[in-house]
Amino acid sequence: MLYSMTGYGRVEQTIGDKTFIVELRSLNGKQFDLRLQMPAMLKPFEFDIRSLLSETLERGSIECIINLKQNGGAKPVTINTDLLKVYYTSVVQIAHELNAEADHLLAAVLRLPEVVVNTTEVMTEAEWLHFKKILEAAIQQLKKHRLQEGQSIEKDLLLRLSNIEAQQHIIAELEPHRRKKIKDNIVKLLEEAVGKDNYDANRLEQELIYYIEKIDISEEQVRLQNHCHYFRSIIESKEESSKGKKLSFLLQEFGREINTTGSKANDAAIQKCVVLMKDELEKAKEQVLNVL
């Protein structure tokens, strides 16, 4: 069971005279990276919100946007005059530079964030507990989406793994023929160079054993097979987190064994299998980047 780092969740719910809209988006990332937008009344609980998101979503590039719609009658407000002056001066200056109309700019500036705020805009502890449930519901929606995406990734990764194992079976069938071919070629070259009866057959046999041991690929293939079994066990385990990093590290080991097999093969048919395995490996690496 795999979870993707890609997901989306949205929950809208009313608490008293306030309607909160929580939107969560998640993309792949090496670490937990959060971009948080929220109304001023939630600022005292920012640390709690960040902690909750970090603990439950673990990894990825996360965007959390919290919007507030105020219901009911008018409430006392205050104008942030310092911020208003900064906004207004900047907007007027830009309007003059662009030769644009500067009329009615004040009304537009008053609608900018944090210029006009409710003087009684403070969230109570009870409201926070209600809001926390809204945030948790959005998180669950995102995790559900992550699981759905993860199922598609899992299917593709298992296909890549099966393709690599299929090439291993072909290599195992080619290996005995490769050894005989190497031996025959060396004997043929030697006979052409010095004649069939002018070399020590026992010495040649010793040298052939030494040479064939140096180009033996059985250890690499056994290790690669073990890596495949471990890769599949990680995917099928019930653990939810940190699988992406484990699978990524393991694929690096895949690459080492496949590359060593290719460098030792000295056989066109086996080299073709190595190329196909490398192609499947690169596709698997791309998919693993999205795994939580």
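Start by selecting Trp128 and Phe131: they sit three residues apart in helix H4 (residues 125–194), so about one helical turn separates them. Helices here are DSSP runs of H or I with at least four residues, and strands are E runs of at least two, numbered from the N terminus.

This is a predicted model, where local features need pLDDT of at least 70, side-chain atom pairs count only at pLDDT 80 or more, and totals for chains, interfaces and linings use all residues. Residues are numbered from 1 along each chain, and side-chain values use heavy atoms, without hydrogens and water.

Stay on Trp128 and Phe131. Both are buried (under 20% relative accessible area; exposed is over 50%, partly exposed in between; 1.4 Å probe, protein chains only).

Next, select Glu165 and Arg232. Their side chains meet in a salt bridge (3.2 Å, N to O). That term means a side-chain nitrogen of Lys or Arg within 4 Å of a carboxyl oxygen of Asp or Glu. Glu165 is buried at 16%; Arg232 is partly exposed at 22%.

Move to Glu257 and Arg223, another salt bridge (3.1 Å, N to O). Glu257 lies in helix H7 (residues 243–265) and Arg223 in helix H6, so the pair ties together parts 34 residues apart in sequence.
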